[in-house]
Amino acid sequence: MGTLADKVRSGWSDIRKTLEKGMIDLFPVRHALKGYTFSKAGRDLKAATDVALVGLPQGMAFAAMAGLDSIYGIMAATVGTFIAPLFTKCSLTVSGPSNATAFMLASFFLASSPAIQSHPHIFVPLIVFMAGLFCVIGAFVKATEMLQFVSRSVLVGYVTGAATLIIASQSRYVLGINDVDAGSSFFTMTGAILNNLDMVQWQPIVLGVLSFALFIPLKKYLRRLPTFAVILVLMSLLNWILSQPWTGGHFAGVRMLKDFTMSDLVCRAPALGELGEHINELIPVIVGIAFLSTLEQTVMSKTLSAKTGEAINLNQDTFAVGMANMGSALTTSLPCSASLTRSMLNFTAGAATRFSGIYCGLICLGITFILANFPLISKIPHSVLAALVLANALSLYDKKLLRICFLSTKGDATVLLITFTAALLLPLHIAIFVGVILSVSLFLRKAAKPELVEYTFDDAGTLRELDKADSRLPQISIVHVEGDLFFGAADLFRRQVARIAEDPSLAVVVLRMRNARNLDATSVCALEELIRFIREKNRHIIISGASFKVFRILKNSGVLGILQEGCGEGESNIFLVEAHNPNMSTRKALMRAQKLLGTRQADISIYTTQAAQ
């Protein structure tokens, strides 16, 4: 018997092998330590400083967008930014709060029960932790690969709808309409503004308009400056001056942001006990945030990897964003994902390694301690931050992508419009899945419609589509099975082949399955029914070009035995594809068909899809 230490080492070895098979590295940051120089450290520190000056004000803006105190966004820009580089594959991505997840959280709280609305300090960490856990699990089961079925039209519709909601929700703060129940949809928010125009104040409007006016030239001509930080400082200073008695004191009553203290920076475990009682409400938003976080991380990893040439491992990056969220959940934090703005700034600022993100988190932590001990946040007018959120929301309208999605196909335009409309009417964690379900449904509808077209050879030996007026009566039909034979397409395929089998002159059907993919239980059952149907018509069926995977599925399911009924010694009704000569299996199948017919003289027709032909 081995010692306890031996058992621990053996267990760890098994876990490590399992992780390696899943291509997940538990601690990839260790690889970056090798060859790390002072030169690289200098580049990383410079980039980290630039990103921190953008990240913290952005975090405050996203917290305001979510309807939460500034500390939620600050901690996400601190803890999440520090943790993600420890685990990610794409080393220059910078994680932290984002537009999409912040407003999804806001939308959820607006539509949730009073028990949840009144306790964000309990439910935000719980949601963030569970979303992170879902991401980690998704990384190990390679769920990231499923994102390829989400069309760009869904994302464009969702982001455009979210941007419209952001504008509706933040406009009232610029107008000075505070503490008004605005509901959770675009129309209730707009209605709240129109119904309370008597509450409009000119001071917040002045500050908001000036902030917005500063944002445009700074963003366009002085991109190297931390736009959010510069505007917050300048407008806070202006508001302080205009609030003094010697300037008339007209701005003394402007609503300000709320400070936080060191007591707000404590770490605590998420209240997992609340999950059971509110699971019906929490699960949709948890899945929605996990989905969006993974999607944003994936998009940003692909974008940066294309610029740096770094290899992509999207499951590793999903693991990183999951760990960042689980770690952030121990503090008062918004959900985290890769940020387009901060990641691109990190890249253009000359970051050399993943340590730039780690340094950024440490710099943000230092600034957070300063803000916790000095009442600086309460010097920032709420309308200024709301105006910056509005300006940021307007940048989410991508005219190029909107035009592409509208003009490409009717299906894309439909998905975009329905997702956009759902975002205006429903909570965002529901709207995103309305778009996803619609997108996947359209994909399945297209994939599940194989249209078989009959071809024949003319007198010159040229393959042409058989005209309906042709009187030629085939005795052998070769049916090319192309594409996915999953549950959505299997029954339709069976009906089409069965229709071909109704031809009174047909004697043998050869299913050429070289390009058939994704057989499942439904398609195997359909194939069994097809075999029995054709034999009831006193006809024969042969399969050619089948892969070993298809052969194994048919054998395990028992359908192979049905197919081979009537075969004598040395005979077969299935011929596997041969790598050195892909057409050999079809030749053997034709020889088998001729033997069944008892003659070498037989007309042959070929059925395939128009796309394949």
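## Helix H11

Helix H11 covers residues 227-242. At 1.5 Å a residue, its 16 residues should span 22 Å, and the end C-alpha atoms are 22 Å apart, which agrees. The expected span is 1.5 Å times one less than the number of residues. Helices are DSSP runs of H or I with at least four residues, strands are runs of E with at least two, and both are numbered from the N terminus.

This is a predicted model, where local features need pLDDT of at least 70, side-chain atom pairs count only at pLDDT 80 or more, and totals for chains, interfaces and linings use all residues. Residues are numbered from 1 along each chain as its sequence is written, and side-chain values use heavy atoms, with hydrogens and water left out.

Several H11 residues are buried, among them Thr227, Phe228, Ile231, Leu232 and Met235. Buried means under 20% relative accessible area, exposed means over 50%, and partly exposed lies in between (1.4 Å probe, protein chains only). The cover over these buried residues includes helix H3 (38-65), helix H10 (202-221) and helix H17 (382-394).

## Ser333

Ser333 sits in the loop between helix H14 (314-328) and strand S2 (337-338). Its relative accessible area is 0%, so Ser333 is buried.

Which residues does Ser333 touch, not counting those up to four places away in sequence? They are Tyr72, Met75, Ala76, Val124, Val128 and Ser328. Contact here means heavy atoms within 4.5 Å. Val128 is 205 residues from Ser333 along the chain, yet their C-alpha atoms are separated by 7.8 Å. The side chain of Ser333 also reaches the backbone nitrogen of Ala76 at 3.5 Å.

## Cysteines

The count of disulfides is zero, a disulfide being a pair of cysteine sulfur atoms within 2.5 Å. For Cys364, the nearest cysteine sulfur belongs to Cys360, 4.2 Å away. Cys364 is buried because its relative accessibility is 0%. Cys567 is partly exposed, at 22% relative accessible area.

## The largest pocket

The largest pocket holds about 1,500 Å³ of space. A pocket is an open set of points on a 1 Å grid over the protein atoms alone, where a 1.4 Å probe fits, with protein on both sides within 12 Å along at least five of seven lines. Its lining has 44 residues, each with an atom within 4 Å of a point. Asn99, Leu340, Thr341, Ser395 and Leu396 lie nearest the centre.

Elements that give two or more residues to this lining include H3, H10 and H11, along with helix H5 (99-111) and helix H8 (152-174). H8 gives the most, with seven residues.

Note on methods
A polar contact is a pair of N or O atoms within 3.5 Å; within protein, one must be able to donate a hydrogen and the other to accept it, and residues adjacent in sequence count only if both atoms are side-chain atoms. Grid points are joined across faces, edges and corners, and a volume is the space filled by probe spheres set on the points.
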